[in-house]
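Biologist: I'd like to learn how to read a model like this one. Could you put it on the screen and take me through it?

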Amino acid sequence: MGRMTEFANPATYVVEGLLVFLILWKILSARRGRELFIRRIPGLSVLDEAVGRATEMGRPMLYAPGMSGLDIVGLQSMAIMSHVIKRAAAYSTRVIVPLCSPVLYTVAEEVAKDAYATAGVPELFIPEDIRYLTDQQFAWASGVVGIQHREKIATAFYFGAYAAEALILAENGQMVGAIQVAGTPSIIQIPFFLAACDYTIIGDEYYAASAYLSREPTLLGSLVGQDYGKLVMIGLVLIGVVGVTLAALETRYHWLHGVNDVFQNCFLRYFPGRR
Amino acid sequence: MSNVLHRITNTLFPVSVAGPRVWVYIGAAIVVGVAGLVALMSTPPRYRKIIVMAITFLGGLFFSLEFLLPHEAVQVGARAVPGSAGVARFAEGLTNAKPSVADWVMIIGSFTLLLGTFNLFQMHGKAVRKKTAGWYNSLAFFISFFLIMTMGFLKDGLSGPAQTASTQLFAILFNGFVQQLDATMFSLIAFYIVSAAYRAFRVRSAEAGLMMGTAGIIMLGLVPIGTILTNWLPHSGPLSGLRLENITYWLLTWPNMAVQRAIEFGLAVGWLAMSLRIWLSLERGSFFDRQL
């Protein structure tokens with residue numbers, strides 16, 4: 001069983017193959033010009049309001065990518081940051097980005113420079129606003145808290161991987177009266193953001209953010225493909241529930257033994273884990 | 001043929017190197033790295049993007065094949081599928097190469113640490129030079145940076161009483177300052193939880209009321225007073241399910257876990273979609289479709 005969990009097994013080929021196919025299929029159909037619908041996400045629709053508030057107050061905004069490094073979470077955070085900076089640039093509002101990963105810092109600097117240039121105001125880019133603070137979790141948190149209080153930020157965006165520092169930042173954001181929008185794939189931190197922020201995007205909405213904000217066909221297609229992928233996952237869960245229920249009933253209805261044997265050998269054994 | 005390949009691989013990427021040869025390898029790695037960078041920068045932008053896309057694809061392909069290829073010969077009945085033993089050997093080779101690939105990623109990442117430090121110097125240097133508000137904090141950064149760096153070098157490079165002194169000073173700086181300040185920041189969370197909970201638990205809607213009620217049950221179920229409150233209920237039988245600690249256990253294990261797993265499924269599919277877009281260079285927006 002060891003290698004079955006360490007490397008791909010037949011179920012992995014089928015499930016991953018199906019998910020990859022669905023995502024690529026939807027991307028291609030979106031690129032061919034097919035109209036796709038995505039529901040409203042309040043946490044992302046509020047972006048303009050949040051930028052507008054900072055502009056009216058004449059105070060800067062904070063975009064904190066958390067403890068993200070150069071990984072999928074960090075890159076998604078950079079994609080969202082790019083949109084935030086483009087909107088902010090249109091109103092000449094400063095965005096301060098404190099980072100805790102030196103690798104992501106180099107990417108963030110390029111993304112910010114590019115976003116200002118795309119918005120047609122490259123001269124508004126201030127290199128000091130993209131700041132590498134430290135790679136130590138709580139030292140980074142205290143650095144960000146310092147920025148929140150010194151700069152009296154009007155709006156704070158927390159998009160990225162977060163751990164215990166999530167609540168520290170969100171509570172200090174509350175103290176300075178900032179409107180706060182958060183999104184993180186770190187499940188344990190979602191309740192803290194929900195409690196302390198004005199808007200929180202949950203779960204896979206984090207990965208939907210760039211598609212939602214840009215409305216770019218490739219990203220929209222990928223998003224719809226993700227939804228089909230979730231249907232596949234729901235189907236698998238239902239099959240698993242039926243199978244496990246039948247296994248539990250076997251002690252009372254012995255004729256189920258044959259069905260359960262087939263189910264065990266053809267399905268359940270490829271999903272190793274606690275049962 | 002495989003012997004020759006093995007010898008070349010061992011010479012280029014030895015498991016360990018000792019003595020003056022270390023410097024030869026370090027020098028060669030720097031020269032190759034700089035040459036690669038210069039070559040990339042002097043490539044016309046149109047082709048540069050293709051190179052970056054190809055490297056991204058190959059990187060993704062390495063990890064995908066390492067995970068997806070079978071690591072044991074595939075058996076049909078008593079016989080192995082022809083060629084599957086070779087595939088398994090290849091996959092095993094990829095797995096063995098994984099630590100080296102991870103080392104490359106770490107080495108490239110460590111170069112960016114210099115850029116990060118440069119950014120810190122630039123920012124704090126400007127603050128000290130222009131004597132902006134709070135410039136003394138920036139001065140404290142320089143003092144602590146150089147002090148802990150010097151002590152770090154001295155404690156490993158010296159011997160005798162000087163080494164003891166530098167080790168002690170390093171311990172004071174690290175254990176006495178860095179770790180204590182870390183612990184201070186962490187302990188602040190206790191207070192923030194109270195203020196956040198106060199706002200979250202104000203009953204303004206049916207959902208907030210439900211959350212308040214659930215949180216109340218869980219908090220009571222996790223402390224001895226909660227157990228005492230429903231201690232009059234039997235420990236077994238149908239009514240035992242109404243004991244606070246059992247309700248808490250049920251809430252945490254069933255509804256809460258189900259929701260968490262549902263979110264995790266969504267995240268995993270989102271992660272896969274994003275990885276796929278980056279791997280196949282389909283990602284759009286931010287810096288992904290810009291001219292390099």
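This is a predicted model: local features need pLDDT of at least 70, side-chain atom pairs count only at pLDDT 80 or more; totals for chains, interfaces and linings use all residues.

Biologist: What counts as buried?

Modeller: A residue is buried if 20 or more other C-beta atoms lie within 10 Å of its own, and exposed if 12 or fewer do. In between, a residue is partly exposed.

Biologist: And what is chain B built from?

Modeller: Chain B has 9 helices and 2 strands. Starting at the N terminus, the order is α-α-α-β-β-α-α-α-α-α-α. The radius of gyration of chain B is 30 Å, well over the 19 Å that the globule rule gives for 292 residues, so chain B is more spread out than a compact globule. Along the principal axes, the C-alpha atoms of chain B fill a box of roughly 80 × 75 × 50 Å.

Biologist: What share of the contacts in chain B comes from residues 24 or more positions apart?

Modeller: Counting contacts with a separation of 6 or more, residues 24 or more positions apart make up 35% in chain B.

Biologist: Which domains is chain B split into?

Modeller: The assignment gives domain 1 (2–136), domain 2 (137–200) and domain 3 (206–292) of chain B. The C-alpha centres of domain 1 and domain 2 of chain B are 32 Å apart. Where these two meet, 6 residues of domain 1 of chain B are in contact with 6 residues of domain 2 of chain B. On the domain 1 side, helix 4 (84–130) and helix 5 (135–157) of chain B are the elements that give two or more residues. Helix 4 of chain B has the largest share, 3 residues. By class, that side has 4 nonpolar, 2 polar and no charged residues.

Biologist: What about the domains of chain A?

Modeller: Chain A is divided into domain 1 (2–35 + 218–270) and domain 2 (47–197). Domain 1 is written as two stretches of the sequence, 2–35 and 218–270. Between the C-alpha centres of the two domains of chain A there are 37 Å.

Biologist: Now a single helix, please. How do I read one?

Modeller: Here is the general idea: an α-helix has 3.6 residues a turn, so residues three or four places apart point the same way. Now try helix 2 (residues 10–31) of chain A, which has 22 residues and reaches 31 Å from its first C-alpha to its last, close to the 32 Å expected. In helix 2 of chain A, the buried residues are A:Leu19, A:Leu22, A:Ile23, A:Lys26, A:Ile27 and A:Ala30. Seen down the axis, they fall within an arc of 125 degrees, so they line one face of the helix.

Biologist: Which residues are exposed on the other side of helix 2 of chain A?

Modeller: A:Pro10 and A:Gly17 are exposed there. The buried residues, meanwhile, have a cover that includes helix 11 of chain A together with helix 9 (244–279) of chain B. After helix 2 of chain A comes A:Gly33, with a positive phi near 100 degrees.

Biologist: Is A:Gly66 buried or exposed?

Modeller: A:Gly66 is buried, because 29 other C-beta atoms lie within 10 Å. A:Gly66 sits in strand 1 (residues 61–66) of chain A. Beyond its neighbours within four places in sequence, A:Gly66 is in contact with residues including A:Tyr158, A:Gly160 and A:Thr184.

Technical notes. Residues are numbered from 1 along each chain as its sequence is written. Chains are lettered from A and ligands numbered from 1 in the order in which they are written. Domain bounds come from an automatic or database domain assignment. Helices (H or I, at least four residues) and strands (E, at least two) are DSSP runs, numbered from the N terminus. The radius of gyration is taken over C-alpha atoms; the globule rule is 2.2 Å times the number of residues to the power 0.38. Two residues are in contact if their C-beta atoms, placed from the backbone, lie within 7 Å. The expected span of a helix is 1.5 Å times one less than its number of residues. The arc is that of the directions from the helix axis to the C-beta atoms. Ala, Val, Leu, Ile, Met, Phe, Trp, Tyr, Cys and Pro count as nonpolar, Asp, Glu, Lys and Arg as charged, and the others, Gly among them, as polar.
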